[in-house]
Amino acid sequence: DMDVYAVDIFTMPAEGGEFTKLNTPRGGKNAPVFSPDGKWIAYYGADDEGKMYENNDIWVVSTDAQQPARNLTEKYDFYAGDSVINDLGGIEPIPPIWSKDSRFVYFRTAENGSSMIKKVDVTNGDVSVVVGPGGDVGSLGFSQNQDAFIYCQGNMYDPSQIYYQAMGEKSSRKLTSINKELFDEINLGKVEEVWFKSPSGSDLQGWIMTPPDFDPSKKYPSILEIHGGPWAMYGNLMMHEFFYLASKGYVVYFSNPRGGTGYGTEHAKAITNNWGGPAMDDLMAFSDLVAERPYIDREKMGVTGGSYGGYMTNWIIGHTDRFKAAVTQRCVSNLVSMWGSSDMGYLFEQDFGNVPPYVSIENLWNNSPIKYIGNAKTPTLVIHNEMDLRCAIEQGEQVFVALKRMGVDTEMVRFPEEPHGLSRMGRTDRRIARLNHILRWFEKYLK
């Protein structure tokens with residue numbers, strides 16, 4: 001438990017017997033799968049311990065333990081796996097899947113707000129696309145002779161459907177229309193994808209969601225949503241919360257600032273030892289872009305986010321008065337106290353010089369939003385869950401107490417029994433209550 005990168009793969013006879021340790025490097029590993037010929041095991045993994053921003057890759061290792069593991073996708077700057085966030089349960093993961101001849105491994109990648117299915121040639125590491133961008137894919141399954149396959153895919157307007165595709169073809173056929181009658185009756189509004197420049201010069205991706213029956217001649221209040229992680233991304237998958245807020249008359253906008261996955265190693269690495277600065281620059285650049293739209297009321301802009309998104313919400317209210325209201329959810333506020341109160345707080349020190357607080361608190365404190373909370377003037381609702389083991393409730397309590405002490409309008413809503421993932425997996429009535437509290441706060445200050 002103290003050495004989380006000491007992860008190994010072992011084999012043993014099916015009838016029992018001695019374990020054999022395979023020849024793999026240190027680092028995280030998951031979803032190991034035997035090749036049909038029994039000679040190899042493919043898995044998702046990384047060999048850079050202490051670098052949480054590194055891409056996942058597809059590895060293979062020989063089952064005879066004689067040959068070292070090989071990183072098949074090392075030459076590609078993509079994330080093998082999935083990191084698209086949503087609040088409807090997500091799409092089922094795809095483990096590595098072997099071709100019948102043990103030559104190819106099929107897997108999922110997260111890139112530019114979408115996930116795709118690709119395959120890699122075990123002999124030379126060449127990668128090709130099987131299912132392209134445009135949604136979030138999962139639950140891959142092949143026919144017996146692998147001449148066709150089915151998969152689930154969701155997009156911005158649809159949680160998930162089942163698709164069929166013949167091997168070698170570029171187009172697929174949708175087999176299901178679950179929830180069609182419901183969606184035919186609902187006006188979800190529209191979502192516009194935009195690309196814009198980061199202050200650093202890099203290209204960033206975002207989306208602007210307008211309310212149903214949108215009238216471009218009117219002025220609308222708006223809400224900036226910030227994703228958690230930070231090693232995750234928003235993308236082409238339905239977020240119920242966003243559509244709910246848009247249905248109440250808000251323009252909802254969201255993006256993938258530096259620090260998240262899906263845009264290469266340098267994008268993810270950019271916030272190392274500086275969780276707040278680069279991400280805030282990017283989020284403010286996107287807010288500037290949105291504020292220029294003629295239908296945006298610049299005096300009625302709000303901000304919210306959960307987990308790392310809560311961290312950034314706290315950081316923002318301590319560095320700017322731009323937003324008229326904020327909702328910080330299951331947040332991080334104090335990296336010094338989080339070090340010992342979170343289920344993985346001590347691991348985050350790797351992003352801040354790998355120095356624990358009993359040696360020095362300087363980096364952790366300088367990167368803590370609570371250090372700057374004395375500048376805050378933004379009315380802020382604090383939402384936290386009492387059984388949150390990732391971001392303990394004391395993180396939200398520190399924000400609430402500080403704002404209360406300073407006379408900034410604030411409330412704290414505590415959910416009993418709920419874990420870190422209330423918005424995605426909490427009890428239904430509490431998920432509804434959470435959404436209504438968020439709406440109530442923004443209605444008070446933005447309308």
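**View 1. The second largest pocket of this predicted model and the residues that line it.** The second largest pocket holds about 280 Å³ of space, and its lining is made up of 14 residues. Among these lining residues, F183, I186, L188, H240 and F243 are the ones that lie nearest the centre of the pocket. Two helices, α1 (180–185) and α2 (240–247), each contribute at least two residues to the lining, and the largest share, 4 residues, is the one that comes from α2.

**View 2. The largest cavity and its lining.** A search of the whole structure finds 1 cavity of 30 Å³ or more, and about 40 Å³ of space lies in the largest cavity. The residues that line the largest cavity are Q329, R330, I383, N385, L422, S423 and R434, and the elements that give two or more residues to this lining are β22 (380–385) and α10 (422–425).

**View 3. Helix α4 (residues 277–291) and the elements around it.** How far apart are the end C-alpha atoms of α4, and what span should its 15 residues have? The end C-alpha atoms are 21 Å apart, which agrees with the 21 Å that the 15 residues should span at 1.5 Å a residue; the expected span is counted with one less than the number of residues. Because 12 of the 15 residues of α4 are buried, the helix is largely enclosed by the rest of the structure. The buried residues are G277, P278, A279, M280, D282, L283, M284, A285, F286, S287, V290 and A291. These buried residues pack against the strands β16 (190–197), β17 (203–210), β18 (220–226), β19 (251–255) and β20 (296–306), and also against the helix α5 (308–317).

**View 4. Helix α5, one of the elements against which the buried residues of α4 pack.** Helix α5 is mostly covered, with 10 of its 10 residues buried. The buried residues in α5 are Y308, G309, G310, Y311, M312, T313, N314, W315, I316 and I317.

**View 5. R298 in strand β20.** R298 has its place in strand β20, which is one of the elements that the buried residues of α4 pack against. With a relative accessible area of 46%, R298 is partly exposed, since that class lies between the cut-offs of 20% and 50%. When residues up to four places away in sequence are not counted, R298 touches A291 and E292, and A291 is itself one of the buried residues of α4. R298 and F323 are 25 residues apart in sequence, and their C-alpha atoms are 9.1 Å apart in space.

**View 6. Backbone geometry at P230, N112 and N354.** Most residues other than glycine have a negative phi, and most peptide bonds are trans. Between G229 and P230, however, the peptide bond is cis, with omega about 0°, and P230 has its place in the loop between β18 and α2. N112, a residue other than glycine, has a positive phi near 50° and lies in the loop between β9 (104–111) and β10 (114–121). A relative accessibility of 39% means that N112 counts as partly exposed. Although N354 is not a glycine either, its phi is positive, at about 60°, and this residue is found in the loop between α7 (345–348) and α8 (362–366). N354 also counts as partly exposed, at 48% relative accessibility.

**View 7. The cysteines C391, C331 and C152.** A disulfide is a covalent bond between the sulfur atoms of two cysteines, and the structure holds 0 disulfides.

Definitions and conventions
Residues numbered from 1 in each chain as written. Predicted model: local features only at pLDDT ≥ 70, side-chain atom pairs only at ≥ 80, totals over all residues. Heavy atoms only, no water. 1 Å grid on protein atoms, 1.4 Å probe; cavity = no way out; pocket = protein on both sides within 12 Å on 5 of 7 lines; lining within 4 Å. Points joined across faces, edges and corners; volume = space filled by probe spheres on them. Buried < 20%, exposed > 50% of the residue type's maximum accessible area, 1.4 Å probe, protein only. Contact = heavy atoms within 4.5 Å. Disulfide = S-S within 2.5 Å.
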